Amino acid sequence: MLPVGLWILWLLKFEEDMAEVQIQEGSVKVSGQTLFYREAAAVQTSIPVAPRPPVLLLHGIRFSSLDWQKIETLHTLAGAGYRAVAIDLPGLGKSSEAVAPAPLGQPAPAGFLKEVLESLSMVPAVVISPSLSGMYSLPLLLQSPEKLAAYVPVAPICTDKYSAQDYANVQVPTLIVYGDHDEQLGELSLNNLKNLPNHRVFCMEGAGHACYLDNPETWHRGLLQFLGTIK
C-alpha cells in the first residue's frame with residue numbers, strides 16, 4: 001500500500017488520465033442468448049502498467065451496467081490499467097430478452113458465468129458482485145475458483161446457501177464490501193463470507209445496500225487499494 005502522500009499524488013495524476021477513457025458497447029452470446037455489455041478502454045495513459053487481471057462488473061436487480069458507467073467505476077478501472085467490462089445480467093438492462101438460468105434468489109449453474117468469462121476472454125478475472133448477482137458469482141467461486149483472480153462481493157444474495165466449510169475450501173483473494181447502514185444483506189453476507197480464508201473487509205460508513213452509489217470516491221479508493229495487492 002502506498003504512503004498517504006504518494007497515494008494523493010497518484011490520485012491527482014490519475015484524475016488527469018481518466019479523461020482518456022472511452023466506453024465501448026457490445027454483446028456476447030452465452031448459452032444461446034445475447035447479453036449486452038459496456039467496456040472501458042484507456043486511449044492513452046502515462047501510468048506504468050504491469051500485467052493486471054481483467055475486471056468483470058455484475059449488478060443488482062434495480063441496476064445495470066449503466067450504473068457502473070455513471071459513477072465512473074469503468075473509467076476508474078480503465079484509467080488504472082485494468083480491462084473493465086460491465087455486463088447486463090439476463091432479464092435486466094439491455095439484456096432484458098435473455099432468460100435467467102435459475103429462479104431469482106437461487107444459485108445459478110456455475111457454468112453460466114464461466115461461459116461469460118470465457119466468451120469475453122477474461123479468465124482469470126476479478127469479479128465484482130453486488131446483491132442479486134451473488135446468484136451467479138457464488139456458484140462460480142465455490143465450484144470453479146481457478147476462473148477468478150479475485151472476488152469482490154458487495155452484500156450479495158445467496159451467501160446462506162453454502163456452509164462454512166464450503167467457503168473454507170476457497171483460497172481466492174476476496175474483498176468483502178458492505179455499507180454499515182445496509183439492513184438487508186450487509187451483516188448477513190459478511191457473517192457468511194468471512195469464512196473465506198483469504199479475505200479482507202471493507203465497511204463503508206454511512207452507506208446503504210448499494211454502498212458504491214452512496215460514496216463512489218470511497219468505493220473507488222478501497223477497490224483500487226485491494227486490486228493493487230493482487231498478483
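A residue is called buried when its relative accessible area is under 20%, exposed when that area is over 50%, and partly exposed in between, as computed with a 1.4 Å probe on protein chains only. The model shown here is predicted, so local features need pLDDT of at least 70 and side-chain atom pairs count only at pLDDT 80 or more, whereas totals for chains, interfaces and linings use all residues. Residues are numbered from 1 along each chain as its sequence is written, and side-chain values use heavy atoms, with hydrogens and water left out.

**View 1. Strand β5 is largely enclosed by the rest of the structure.** Strands (E, at least two residues) and helices (H or I, at least four) are DSSP runs numbered from the N terminus. Six of the six residues of β5, residues 125–130, are buried. A125, V127 and S129 point one way from the strand, while V126, I128 and P130 point the other way. In a regular strand the side chains alternate between the two faces of the sheet.

**View 2. S64 lies in the loop between β3 (55–57) and α2 (65–70).** With a relative accessible area of 12%, S64 is buried. Leaving aside neighbours within four places in sequence, S64 is in contact (heavy atoms within 4.5 Å) with H59, D88 and G93.
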